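Thanks for letting me look this over.

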Amino acid sequence: MLHLKKSIHAIVLIFAAGLITSAGLIGCSRVSVKQTVIANKVTLPAAKMKSSRKRNVRVVLAKSSKRITISSNRPMRVYDMRTKKKLGSIRLTSDAQIVIRDGRILMNGQFIASPKIRLVPEAKEWIQVKNRHYRGQIEIRINEEKGGLMVINYVPLEEYLYGVVPNEVPAKWPEEALKVQAVAARSFALYKMSGRAQQPYDLDATVNSQVYGGYDSEKLSTNRAVRDTLGQVMRFRGKIIAAFYHSNCGGHTANVQDVWGSEMAYLNGTACGFCDDGPHASWKMTIPRKELAARLRKRGTGVGAIESINLLGRDGSGRVLKVGVRHSKGKEIIAASAFRLMVGADQLKSTKFNFRDTGKNLTFWGKGWGHGVGMCQEGALGMAKSGFGYRDILRHFYPGADIGRCGN
């Protein structure tokens, strides 16, 4: 299912990069996002904003593009973000191109002196970037490391969630399940925003964070779920949690310490039992030995021809802890979560698996889809269908945490 699988890799990649620690827990009042607020005048930088209606999320839409197609129905104001001065107004037609040339931004045939500009539409207008419409403002800056153009959408948190929730779960799900996703996505976003003030952006628009499709992907049901949970976040000991989630836990969520080595009490594994009938409750894949070896080598291992594979231990939820690979050059012991990424997380869908060696091929089969940490999306669906409210569902999947409010 398109909606669910988009959320699977985000958390795995974040933890694999070593970016999450218990010190990252935040409270609403501690989040400060560098942003521009433009009404009748420009005020830069904006003061800290406690309301989740006003707090901006900086979502990167492109990191190093050579050419960007941007358009607008009405003229937009253009600001030089280096000097914080208005450069003028411009209307970009549907075929307008912004490119990088000779290390400078070229827009509408004119070079821009600044390496960083902000496009600000009129109220209730949208900006189209690469055939997608986005609320908020668009910042374009030169990526000095990679040489291309970085495109960042500055959008209020609640409006950002409008473009996230329908991309993480189907909009036809029951109201309580959609509310669960809205609160989890809001908590995850705020958690990730902590400590990012000096970075050019807060979140990716892809599975590296949460999938964000902008205005075009919004649905009435998911927008309503965001509004009905306005400002609500999951907290543990007064601080916003790392509200990780995945598609299907295979019957029991994983303990975060077993998966990534971190200690977070609210991410201890818990029995689910409501996802057994989910579309991603079980899976099977077959891969040639040579192809498996090639994938492992591509991800940095020194694997030769594979001779045998052994599963080394399981955690309390039944997930494999480590995979031993004996090959023509020696032996590799790989953490199961890393092994899954190397093989392909859309194929080896969880670490709750078994395998069979059939000679030229290896067949894997298992339960669930995703890393297994935190909220099980299909489990939340099952609980909602069974009559549980969104608050109880969230408390179940984040044991010890409770719902608080971040702004209003």
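With the side chain of which residue does the side chain of Tyr201 make a polar contact?

1. The partner is Lys63, at 3.4 Å. A polar contact here is a pair of N or O atoms within 3.5 Å; within protein, one must be able to donate a hydrogen and the other to accept it, and residues adjacent in sequence count only if both atoms are side-chain atoms.

2. Please keep in mind that this is a predicted model, where local features need pLDDT of at least 70 and side-chain atom pairs count only at pLDDT 80 or more, while totals for chains, interfaces and linings use all residues. Residues are numbered from 1 along each chain as its sequence is written, and side-chain values use heavy atoms, with hydrogens and water left out.

3. Tyr201 sits in the loop between α5 (175-193) and β15 (203-204); helices (H or I, at least four residues) and strands (E, at least two) are DSSP runs, numbered from the N terminus. Its relative accessible area is 14%, so Tyr201 is buried (under 20%, with exposed over 50% and partly exposed in between; 1.4 Å probe, protein chains only).

4. Beyond its neighbours within four places in sequence, Tyr201 has contacts (heavy atoms within 4.5 Å) that include Arg58, Val60, Met150 and Ile152.

5. Strands β3 (residues 56-65) and β14 (residues 149-156) pair antiparallel over seven bridges; pairing requires at least two DSSP bridges between two strands. In this pair, Ser65 is opposite Leu149 of β14.

6. The open, mixed sheet has seven strands, ordered β6-β5-β10-β13-β14-β3-β15. Because β6 (85-90) and β15 each have a single partner strand, one side of each lacks a neighbour in the sheet.
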